[in-house]
Amino acid sequence: MPADNAISELIQAGRAEAAFEQLVPAFRRRVFGLAYSLLRDRGAAEDVAQEVFVKLWQALPRYNGRAQLSTWIYAITRNTAISAMRRRRRSVSMSDPAVFEEVESRGAASEAGLDDAALWRNVGALPDKQRQAVILYYQEDRPVEEVAAMMGLPVNTVKTHLHRARASLAAALAGAGEEVA
Amino acid sequence: MSAEDTGRRNLEARLRGLLGGMDASAGFEARVMQRVSMLAVAPREDLRVQFERRRELRRRRLRREVWMNGMTTLGLGACAAALLWRFAPEIQRLAANSASLIDPGLLAVGTLAALGAGVWLLISRARG
């Protein structure tokens, strides 16, 4: 991404504050999305995202420009989110109350709202990597390459996860009597 | 368009609708900036020091590379000179034989081409 390069150049030039001011809005959704895809809890994901940006601020002097800026940030996010998961010491469930309420209230008991809730439950029931790929891919219509970089996986593996996830979701919704086709 | 395609598009549209708006809550950036401003100013200083250190390291690496390149060229030149000196009679005989076998014009072109390639290599290395 061109913005990432500009930020990287600012860091290399020793202009930490200017770099950081651009870095936070440029990476906010990506960092939050990645944290959320791992933690499945909006509050926890936001805490992790905050922690990531503070870590980034402190680690900026150590960024040498050898790795891509985004790759470096994704690695920090993944590690921070995994540490947070370990700290919580419980297996997280997809029934994030905040999101679930939001999804249900969106439809205000309408049929569409219930459909979304069912879809949300099915996304939550997907295996970890498939769920992560779906959340990151559809959060911002990202290219698969970007999702792969965020997850730290090869592009083809992510494509497979997405394909399987879509097939599972379609089957689950069809099984629940929803019209998918 | 097949029913499968329609189904897939429908599912994708719903996933986009469901996940597309996902973002941190309002005021997230302000909270980050507040947390960062509460930290010591050390990282800014640290960043400047690190930047200077990296620049110095780069400068030293370049100097080392220039020295190494110079020594390599000198070494190769010395080896070539030693070989020429050691095998001077054989080279002279070979050159005399070659001159009688090869067209002098072709030999001149070949020699110029080899010299040109050598000079080009030296220039491109010096630029790189």
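## Where the chains meet

Let's start with the contact: 34 residues of chain B touch 49 residues of chain A. Keep in mind that this is a predicted model. Together, chain B and chain A bury about 4000 Å², and 62% of that sits on carbon and sulfur atoms.

The rule picks out twelve residue pairs in polar contact across the interface of chain B and chain A, both residues being at pLDDT 80 or more. On the side of chain B that touches chain A, the elements giving two or more residues are helix 1 (3-19), helix 2 (28-38) and helix 3 of chain B. Helix 1 of chain B gives the most to that side, with 13 residues. Sorted by class, the side of chain B that touches chain A comes out as 15 nonpolar, eight polar and eleven charged residues.

## Salt bridges

Side chains of opposite charge can pair when their charged atoms come close. How many salt bridges does a search of the whole structure find over all chains? The count is 16, and six salt bridges run between chain B and chain A. One to click on joins Asp23(B) and Arg29(A), with their closest N and O atoms 3.9 Å apart.

Within chain A, have a look at Arg30(A) and Glu146(A), whose side chains meet in a salt bridge at 3.3 Å, N to O. Arg30(A) belongs to helix 2 (residues 16-39) of chain A and Glu146(A) to helix 8 (residues 144-151) of chain A, so this pair ties together parts 116 residues apart in sequence.

## The largest pocket

The largest pocket holds about 400 Å³. It is lined by 15 residues, and the closest to its centre are Asn69(B), Thr73(B), Leu122(B), Arg125(B) and Ala126(B).

Which elements give two or more residues to this lining? They are helix 3 (42-86) and helix 5 (104-127) of chain B. Helix 3 of chain B gives the most to the lining, with nine residues.

Methods. Residues numbered from 1 in each chain as written. Chains lettered and ligands numbered in written order. Predicted model: local features only at pLDDT ≥ 70, side-chain atom pairs only at ≥ 80, totals over all residues. Heavy atoms only, no water. 1 Å grid on protein atoms, 1.4 Å probe; cavity = no way out; pocket = protein on both sides within 12 Å on 5 of 7 lines; lining within 4 Å. Points joined across faces, edges and corners; volume = space filled by probe spheres on them. Helix = DSSP H or I, 4+ residues; strand = E, 2+ residues; numbered from the N terminus. Contact = heavy atoms within 4.5 Å. Buried area = accessible area lost by both parts, 1.4 Å probe. Salt bridge = Lys/Arg side-chain N within 4 Å of Asp/Glu carboxyl O. Polar contact = N/O pair within 3.5 Å; in protein donor to acceptor, adjacent residues only side chain to side chain. Nonpolar A, V, L, I, M, F, W, Y, C, P; charged D, E, K, R; others polar.
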